[in-house]
Amino acid sequence: MRERSRMVMWSLLALVVLAVTVVVAMNWAPDQPVQKLQDRWAAAPSRFVSVNGMQVHVRDEGWAQDPVPVLLIHGTSSSLHTWERWAKDLKKDHRVISFDLPGFGLTGPAPDNDYSIAAYLRFVQSLMDTLGVKKAIIAGNSLGGEIAWRFAADMPQRVEKLILLDASGYDFKPQSVPVGFQIARIPILAWPMDFLLPKSTMEDSVRDVYGNPEKVTPELIERYTAMTVRAGNRAALRKRLRQLQAGEQAALIKEVRVPTLILWGGKDKLIPPEYAERFHQDIAGSKLIMFDELGHVPQEENPVVTLAAVKIFIQ
């Protein structure tokens with residue numbers, strides 16, 4: 001009887017090991033060096049520019065002599081690719097600059113591991129100086145929106161106009177948080193998630209930030225996956241989330257004095273529409289446009305309708 005129990009125990013253990021091995025094999029996704037991702041995700045007009053000790057992935061397109069370029073800043077776990085449709089249209093009449101923030105996209109982790117808003121402000125200033133941009137129209141989504149309005153509050157002389165898309169800045173209360181962000185906050189999962197990336201996790205995370213999840217395509221999942229497995233990005237995300245101090249500088253929003261357009265997705269579950277109203281109230285003279293059917297990344301989910309509002313504003 002004892003021998004039979006031992007055999008059952010070993011059989012169960014073997015099944016568990018087999019199941020774990022299968023799960024790991026199906027979700028194995030270790031970090032990838034940036035050089036391996038460049039051919040697919042950094043084709044022309046992409047280039048890499050040295051800024052603050054980093055090789056920053058940048059696209060600088062359109063009218064090179066434009067005295068006031070359009071500068072586009074993406075959000076957490078995103079990349080300059082989120083602006084591709086905007087840039088394609090805007091570059092016909094403007095100089096358009098998009099880039100991957102430190103910790104994200106093909107730029108990868110910051111050498112000093114500082115992902116505070118203050119560090120991002122210094123980075124944007126250095127990038128503008130490097131590219132010879134004295135003043136810009138700055139648009140930012142989510143984290144990029146917070147960087148944009150903080151930059152406008154701190155250095156208004158360098159901002160012609162401001163465009164905020166589902167921007168962070170207040171101590172907001174999400175209705176739903178993408179599962180990828182939830183996992184990144186759990187220390188015990190840190191090591192395994194540097195090597196594993198279940199396809200369902202990425203799909204659920206991207207679908208969660210879209211107002212219409214059916215618009216999320218396999219190509220979109222492929223892009224977000226590639227940006228996630230860029231060497232160092234998953235560790236950088238954990239550090240960024242640990243350094244997050246939501247709402248710490250919200251009082252500065254009222255100090256923004258440049259012309260401001262606020263665009264928001266009415267189905268944003270991460271930063272709900274009520275915060276669009278707060279930005280509108282706190283930024284004197286701002287204009288708010290709500291897109292009822294869109295989510296947290298309206299410029300990506302419906303570039304045509306969102307850009308139409310932007311073109312009127314910047315012209």
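**Helix packing in a predicted model**

Q: Which residues in H2 meet Glu 222, Arg 223, Ala 226 and Met 227 in H8?
A: This is a predicted model, in which local features need pLDDT of at least 70 and side-chain atom pairs count only at pLDDT 80 or more, whereas totals for chains, interfaces and linings use all residues. Residues are numbered from 1 along each chain as its sequence is written, and side-chain values use heavy atoms, with hydrogens and water left out. Helices (H or I, at least four residues) and strands (E, at least two) are DSSP runs numbered from the N terminus, and contact means heavy atoms within 4.5 Å. On the H2 side, the residues that meet those of H8 are Leu 37, Arg 40 and Trp 41.

Q: How many charged residues does the contact of H2 with H8 have?
A: Ala, Val, Leu, Ile, Met, Phe, Trp, Tyr, Cys and Pro count as nonpolar, Asp, Glu, Lys and Arg as charged, and the others, Gly among them, as polar. By this scheme the contact of H2 with H8 has four nonpolar residues and no polar ones, and the number of charged residues is three.

Q: Is H2 roughly parallel or roughly antiparallel to H8?
A: Axes are lines fitted to C-alpha atoms, for helices over the stretch in contact, and angles run from 0 to 180 degrees between N-to-C directions. The axes of H2 (residues 34-41) and H8 come within 10 Å and cross at roughly 155°. Angles under 35 degrees count as roughly parallel, over 145 as roughly antiparallel, 65 to 115 as roughly perpendicular and the rest as oblique. H2 therefore lies, relative to H8, roughly antiparallel.

Q: At what angle do H7 and H8 pack?
A: The contact involves Met 202, Glu 203 and Val 206 of H7, together with Leu 220, Ile 221, Tyr 224, Thr 225 and Thr 228 of H8. These residues divide into five nonpolar, two polar and one charged. With their axes 10 Å apart, H7 (residues 199-208) and H8 (residues 218-229) pack at an angle of about 110°.

Q: How many nonpolar residues does the contact of H4 with H5 have?
A: H4 (residues 117-130) and H5 (residues 143-154) pack at about 75°, with their axes 10 Å apart, so H4 is roughly perpendicular to H5. Among the residues that meet are Tyr 120 and Met 128 in H4, and Ile 147 and Phe 151 in H5. Besides one polar and three charged residues, the nonpolar ones number eight.
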